[in-house]
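Please consult the sequence and the structure shown here alongside the text.

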Amino acid sequence: MSEKNHITMLHGAGGSVMHELVKNYIVKYFGGAEGFEVPIEALDDAAVVGDIVLKSDSHAVKPIFFPGGDIGRLAVSGTVNDISVLGAEPYALACGFILEEGLALTDFEKILASMQRTCREAGVNIVTGDTKVVEKGSLGGCVVNVSGIGRRTKALERNLTIVRRFRSDFEARWVLDSNIRPGDKIILSGTIGDHGVAVLSAQEGLSFGNSIKSDVKPLNRLIQRLLENVGGLVAMKDPTRGGLADALNEFSEKSRVGILIYEDKIPIRKDVKAACEMLGLDPLEVGNEGKIVIGAVKEKAEEILNFLKKTDEGKEAEIIGEATDAFSGVAMQTVVGGKRIIPRPVGDPVPRIC
Ligand code: MG
């Protein structure tokens, strides 16, 4: 089967093959709607409808329980984070379950309890939903969709006011992938690759040392605190499928800027790095579920970094690079002194991580 004529696993892997599918099929049929500030063709983390941010995200992680998390925590966090990275505060979620015949009710209940805990952590509620059951097959237990809405906050307004102080022509009402300009700094909130390697270890029955766990968590409270207390953020993404490499290429493409990152600044756990080397994976392309990449005006970058470093979620944050008009695309200054192009990955090297 080739990806030219049939759906393959690569179509769900968050890289260039998936982006082509979304552009050439989904946007072809649903694009062109008028009156939406951030429409489907913006391909941002979520859409904007009036003053509401709207998002829907299905989760098909395999296995449904993995080191550091489970499909329920992932589903709530994924949608909460995609709404949050536009600067909105998520508040109401809808949840659709597709359950596979044979799923143990005790496992279903574990997933529900995990979702309840994650909702409390994020301060959101699931208020509607749906349940379907399909025959035993290859679902791996269940698939969970979580959709949600978020609203504007005083913190977002304050952030935008601070951005305008440094950039008088800034007109965006939201924190968008397309807002980065040459000179802006790129900040990463913590280590990369943890989630993908943790899920892969569960899929393959491998163990790397004993402590690689998924970073899956809701980041909405951290993001609102950053907007409220520091400000100067113009763009944000959660580097999920396709990892940091895909997220930076999205920034670069939509903002029409080059992005230069520094290899020695990218936080990565030693054991994750060793596991990636052993498996032949590029950690830049491995998915994360509890990290944010931020584009910020350079005048506020150090302050954002210092704020992040004082938090649990951001204690390993680093300024990893900057936007430039010297070239287009994404490049990395390597530790040995050369420059390497960081292309958009074809797809995340680990299948079904979210
Ligand atoms: Mg996202």
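The model is predicted, so local features need pLDDT of at least 70 and side-chain atom pairs count only at pLDDT 80 or more, while totals for chains, interfaces and linings use all residues. Residues are numbered from 1 along each chain as its sequence is written, and side-chain values use heavy atoms, with hydrogens and water left out.

**Metal site**

- The magnesium ion is coordinated at 2.1 Å by Asp45 (OD), Asp82 (OD) and Asp238 (OD); donors are N, O and S atoms within 2.8 Å of the metal (3.2 Å for Na, K and Ca), and sites may look incomplete, as water is not among the atoms.
- Asp45, in the loop between α1 and β1 (47–49), and Asp82, in helix α2 (residues 71–84), are 37 residues apart and link distant parts of the chain; helices (H or I, at least four residues) and strands (E, at least two) are DSSP runs numbered from the N terminus.
- Both Asp45 and Asp82 are buried, where buried means under 20% relative accessible area, exposed over 50%, and partly exposed in between (1.4 Å probe, protein chains only).

**Salt bridges**

- The whole structure contains 26 salt bridges, each a side-chain nitrogen of Lys or Arg within 4 Å of a carboxyl oxygen of Asp or Glu.
- Lys55 and Asp82 form one of them (3.4 Å, N to O).
- Because Lys55 lies in strand β2 (residues 52–59) and Asp82 in helix α2, this pair ties together parts that are 27 residues apart in sequence.
- Lys55 is buried at a relative accessible area of 16%, and Asp82 is buried at 7%.
- Asp130 and Lys132 are joined by a salt bridge (2.8 Å, N to O); Asp130 is partly exposed at 38% relative accessibility, as is Lys132 at 46%.

**Buried residues**

- Asn179, in the loop between α4 (154–166) and β8 (185–188), is buried with a relative accessible area of 6%.
- Beyond residues up to four places away in sequence, Asn179 touches several residues, including Arg167, Trp174 and Val234; contact means heavy atoms within 4.5 Å.
- A polar atom of the Asn179 side chain lies 3.0 Å from the backbone oxygen of Val234.
- Ile111, in helix α3 (residues 105–122), is buried at 0% relative accessibility.

**Surface patch**

- Tyr25, Ile26, Tyr29, Phe30 and Ile40 make a nonpolar surface patch of about 560 Å²; patch residues have over 30% relative accessible area and no salt bridge, with like charges joined within 9 Å and nonpolar side chains (Val, Leu, Ile, Met, Phe, Trp, Tyr) within 5 Å.
- Tyr25 belongs to helix α1 (residues 16–30).

Conventions: A polar contact is a pair of N or O atoms within 3.5 Å; within protein, one must be able to donate a hydrogen and the other to accept it, and residues adjacent in sequence count only if both atoms are side-chain atoms. Accessible areas come from the Shrake-Rupley method with a 1.4 Å probe; for residues, only the protein chains shown count as cover.
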